[in-house]
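Me: I have a protein structure to look at. Can you show me how to read it?

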Amino acid sequence: MKFAFLGALAVSSLAVGIAASQSAGSATPENASPIYGVTIPEGYRDWKFIAPAQEAPPLDELRAVLGNDIAIDAYKKGTLPFPDGSILVKLAYKRKQSTEFAPATVPGTPTTVQVMVKDSKKYPDSHGWGFGRFVDGKPVDIAQHETCLSCHVGNVRDHDYVFTRYAP
């Protein structure tokens, strides 16, 4: 009887271990950003709009920033620092003139998807934020990710390292 119980316990433990390793491996390394391990969140295109931005040349981009419910709630309440679990996603596109309405500039070719994830325990060395920058769904190289934190620290320290303000 003891052996049957121990055998069942061993099989159960093995199954739990396999399931845990599979779920931990669901964000494959090739799709995670170097340094931070950030991935593009599922369903982000359905998140709420925070604000637009226009980048001057040489980038010459139109950008839209979206946020998950935690980030949106923090923006609406003016909560700083942002709470853990906040996620911001920036969609960037080359600017182009509309073919249908000459004065309008519209999104052209997509350039990047940029992600910020707030997790103060996971990212204590980067003020609680993890960064990801992706082109065609794949993370860019480590050198580009090394510039994320320094740019945010150098420019928006007083806004919990976040550039985007909520557009009313």
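Reply: We will take the sheet, then the helices, then the pockets. Keep in mind that this is a predicted model.

Me: How do strands pair in a sheet, and in what order do they stand here?

Reply: Strands of a sheet pair through backbone hydrogen bonds, either parallel or antiparallel. Here six strands make an open sheet, ordered 1-2-3-4-5-6, with antiparallel pairing. Strand 1 (48-55) and strand 6 (138-139) are at the edges; each has a single partner strand, so one side of each lacks a neighbour in the sheet.

Me: How many bridges join strand 1 to strand 2?

Reply: Seven bridges link strand 1 with strand 2 (residues 61-67).

Me: Which strands does helix 2 touch?

Reply: Helix 2 (residues 69-77) packs on the sheet and touches strand 1, strand 2 and strand 3 (87-97). Its direction makes about 80° with that of strand 1. Helix 3 (residues 142-155) lies across strand 4 (105-118), strand 5 (129-135) and strand 6. Helix 3 runs at about 135° to strand 5.

Me: Now the pockets. What lines the largest pocket?

Reply: Rolling a probe the size of a water molecule over the atoms shows where empty space is left. The largest pocket here has a volume of about 530 Å³. Its lining has 24 residues, and Arg63, Lys90, Gln114, His152 and Phe163 lie nearest the centre. Helix 3 gives the largest share of that lining, five residues. By type, the lining holds 14 nonpolar, six polar and four charged residues.

Me: Which strand gives the largest share of the lining of the second largest pocket?

Reply: Strand 4 does, with four residues. The volume of the second largest pocket is about 160 Å³.

Technical notes: Residues are numbered from 1 along each chain as its sequence is written. This is a predicted model: local features need pLDDT of at least 70, side-chain atom pairs count only at pLDDT 80 or more; totals for chains, interfaces and linings use all residues. Side-chain values use heavy atoms; hydrogens and water are left out. Two strands pair if DSSP finds at least two bridges between them. Helices (H or I, at least four residues) and strands (E, at least two) are DSSP runs, numbered from the N terminus. Contact means heavy atoms within 4.5 Å. Axes are lines fitted to C-alpha atoms, for helices over the stretch in contact, and angles run from 0 to 180 degrees between N-to-C directions. On a 1 Å grid over the protein atoms alone, a cavity is a set of points where a 1.4 Å probe fits but cannot get out, and a pocket is an open set with protein on both sides within 12 Å along at least five of seven lines; lining residues have an atom within 4 Å of a point. Grid points are joined across faces, edges and corners, and a volume is the space filled by probe spheres set on the points. Ala, Val, Leu, Ile, Met, Phe, Trp, Tyr, Cys and Pro count as nonpolar, Asp, Glu, Lys and Arg as charged, and the others, Gly among them, as polar.
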